[in-house]
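Please open the structure in a viewer and keep the sequence at hand. The stops below may be followed in order, with one selection at a time.

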Amino acid sequence: MQESSPASIWQLKPWWCQPWSIVLTGLAVPSALWYLFHRLWLVLPAAVVILAWWALFLYWVPKQYAAAVSAQALPDQR
């Protein structure tokens, strides 16, 4: 008997790794940098890294998880 995986990767993650916390942190970091330093050369690289982080953890990882779960759910058709 196989264990069933949750349909969403977010059901496996703790509260601090949920989409809302990722988005809030991603907004807070550049905002704090701007508030503290008022330097665009600090804020822009941070924003680029955060956008890449969002793309990875809010788009690609859930998409790959859903694909893996659906592939696992399909019977082997040999």
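Which residues make a nonpolar surface patch of about 570 Å²? Select Trp 15, Trp 16, Trp 20 and Leu 24, which together make this patch. Patches consist of residues with over 30% relative accessible area and no salt bridge, where nonpolar side chains (Val, Leu, Ile, Met, Phe, Trp, Tyr) are joined within 5 Å and like charges within 9 Å. A salt bridge here is a side-chain nitrogen of Lys or Arg within 4 Å of a carboxyl oxygen of Asp or Glu. Accessible areas come from the Shrake-Rupley method with a 1.4 Å probe, and for residues only the protein chains shown count as cover.

The model is a predicted one, in which local features need pLDDT of at least 70 and side-chain atom pairs count only at pLDDT 80 or more, whereas totals for chains, interfaces and linings use all residues. Residues are numbered from 1 along each chain as its sequence is written, and side-chain values use heavy atoms, with hydrogens and water left out.

Helices (H or I, at least four residues) and strands (E, at least two) are DSSP runs, numbered from the N terminus. Leu 24 has a relative accessible area of 51% and is therefore exposed; the classes are buried (under 20%), exposed (over 50%) and partly exposed (in between), with a 1.4 Å probe and protein chains only.

Next, display the aromatic rings. The structure contains two aromatic pairs. In one of them, the rings of Trp 15 and Trp 20 are stacked, because their planes stand at 20° with the centres 6.4 Å apart. Rings of Phe, Tyr and Trp (its six-membered ring) pair if their centres lie within 6.5 Å; planes under 30 degrees apart are stacked, those over 60 edge-to-face, and the rest tilted. Trp 15 is exposed, at 61% relative accessible area. Tyr 59 and Trp 60 form an edge-to-face pair, with 4.8 Å from centre to centre and 80° between the planes. Tyr 59 is partly exposed at 42%, and Trp 60 is also partly exposed at 42%.

Select Ile 9, Trp 10, Ile 22, Ile 50, Trp 54, Tyr 65 and Val 69, the seven residues of the largest nonpolar core. Such a core is a set of buried Ala, Val, Leu, Ile, Met, Phe, Trp, Tyr and Cys residues joined through side-chain atoms within 4.5 Å. Helix H2 (residues 40–73) supplies the largest share of this core, four residues. Centre the view on Ile 22, whose contacts (heavy atoms within 4.5 Å) include Trp 10, Cys 17, Trp 53 and Trp 54, leaving aside residues up to four places away in sequence.

Gln 18 may be selected next, in the segment before helix H1 (19–37). Gln 18 is buried at 15% and, with residues up to four places away in sequence not counted, touches Trp 10 and Lys 13.

Move on to His 38, in the loop between H1 and H2. Most residues other than glycine have a negative phi. His 38, although not a glycine, has a positive phi of about 50°.

Finally, select Val 43 in helix H2, a buried residue at 11% relative accessible area. The C-alpha atoms of Val 43 and Ala 32 are separated by 9.0 Å, eleven residues apart along the chain. Val 43 and Gln 72 are 42 Å apart, C-alpha to C-alpha, and 29 residues apart in sequence.
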